[in-house]
Amino acid sequence: APAFRKPDEPEPPPFRCRTRDTSRVMPRGTVKAPAFVATLTTLTDEIGDGLYCNRMGISAGQCRSAWLGLCDFIFNVLKKNKGVSLTGLGSFAVGQCDDVMRGAVATKRAPVFMLHEKFAAISQNKGRYFLKAPATHVRVNALALAAKCKMHKSAVTHILKEVLAAIATRLKEGQPVDVDFTFARLSNVSGRVEMSFNQSFLNDYGIAAEEQPPNTRGRFLATSPSSVRRPLTSKITGTTPSLETAAEARAAAACPFTAAAAAA
């Protein structure tokens, strides 16, 4: 008998068959296309084609000029042993640091870069130097950058904000990034986010590229020299199962009790 509903009972929703969503399923044998590496050129080209730059008549070359002006400003500030904070990305600093490669015993004045706290969950390649005390940071002088780039102050501020936001977004999403700071390079192409300073810049602080970490393994673990050859253990012999069977047969034939039992 059909089921009847009460007058005040709402009508049940129609039955819908759940189907599998195949829009995200890749067919077998297909290879996912590699992601393009975001560089300074690609980022500035993307920002130059944006709504703000089209409305203000700013080209991609002017965007790159603003970025290079920021890099020169950071370079000059670091030469004065001070730091610069980049909104939403991280901060540069120079100060007395602990050398991790030497057991945090030796201290040296060195440049460092620290990512923003929001990137704490992202895999990072930590540097060998860590600041012993907070450094003094200088605010970015947008007016001086605008005069150098021959642009308006608000335009330079907006462009640099978009570039830094684009870099931070790609790092957060795990997309490949390789951005040049003229004296350093921020990249995650190898898997981990790393800010590597140019060797010509590190030479000013007396940091040589050929420095190797000291061998501290011998102080904690007893290791034998590689020249010492240990003899093989005596348990290793040249016997085989067939030789073992033949030896047992000869021993049984030589035993008098075994021969008498066989004759009886």
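Me: Before we look at the packing, what is a nonpolar core here?
Reply: A nonpolar core is a set of buried Ala, Val, Leu, Ile, Met, Phe, Trp, Tyr and Cys residues joined through side-chain atoms within 4.5 Å, where buried means under 20% relative accessible area, exposed over 50% and partly exposed in between, with a 1.4 Å probe and protein chains only. This is a predicted model, in which local features need pLDDT of at least 70 and side-chain atom pairs count only at pLDDT 80 or more, while totals for chains, interfaces and linings use all residues. Residues are numbered from 1 along each chain as its sequence is written, and side-chain values use heavy atoms, with hydrogens and water left out.

Me: OK, which residues have the most contacts inside the largest core?
Reply: They are Trp67, Leu86, Leu89, Phe92, Ile167, Phe181 and Phe183, in a core of 56 residues. Helix 5 (residues 153-173) gives the largest share of this core, with 10 residues; helices (H or I, at least four residues) and strands (E, at least two) are DSSP runs numbered from the N terminus.

Me: And what does Phe181 touch?
Reply: Leaving aside residues up to four places away in sequence, Phe181 touches Trp67, Cys71, Leu86, Leu89, Phe92, Leu186 and Met195, a contact being heavy atoms within 4.5 Å.

Me: Switching to helix 8, how many of its residues are buried?
Reply: The count is 0 among its 14 residues, so helix 8 is hardly covered. Its length does agree with expectation, because 14 residues (241-254) at 1.5 Å a residue should span 20 Å and the end C-alpha atoms are 20 Å apart; the expected span is 1.5 Å times one less than the number of residues.

Me: Which way does phi go at Asn81, and where does that residue sit?
Reply: Asn81 has a positive phi of about 60° although it is not a glycine, and it lies in the loop between helix 3 (60-79) and strand 1 (83-86). With 36% relative accessibility, Asn81 counts as partly exposed.

Me: What about Lys150, buried or exposed?
Reply: Lys150 counts as exposed, because its relative accessibility is 77%. Its phi is also positive, near 60°, and its place is in the loop between helix 4 (142-149) and helix 5.
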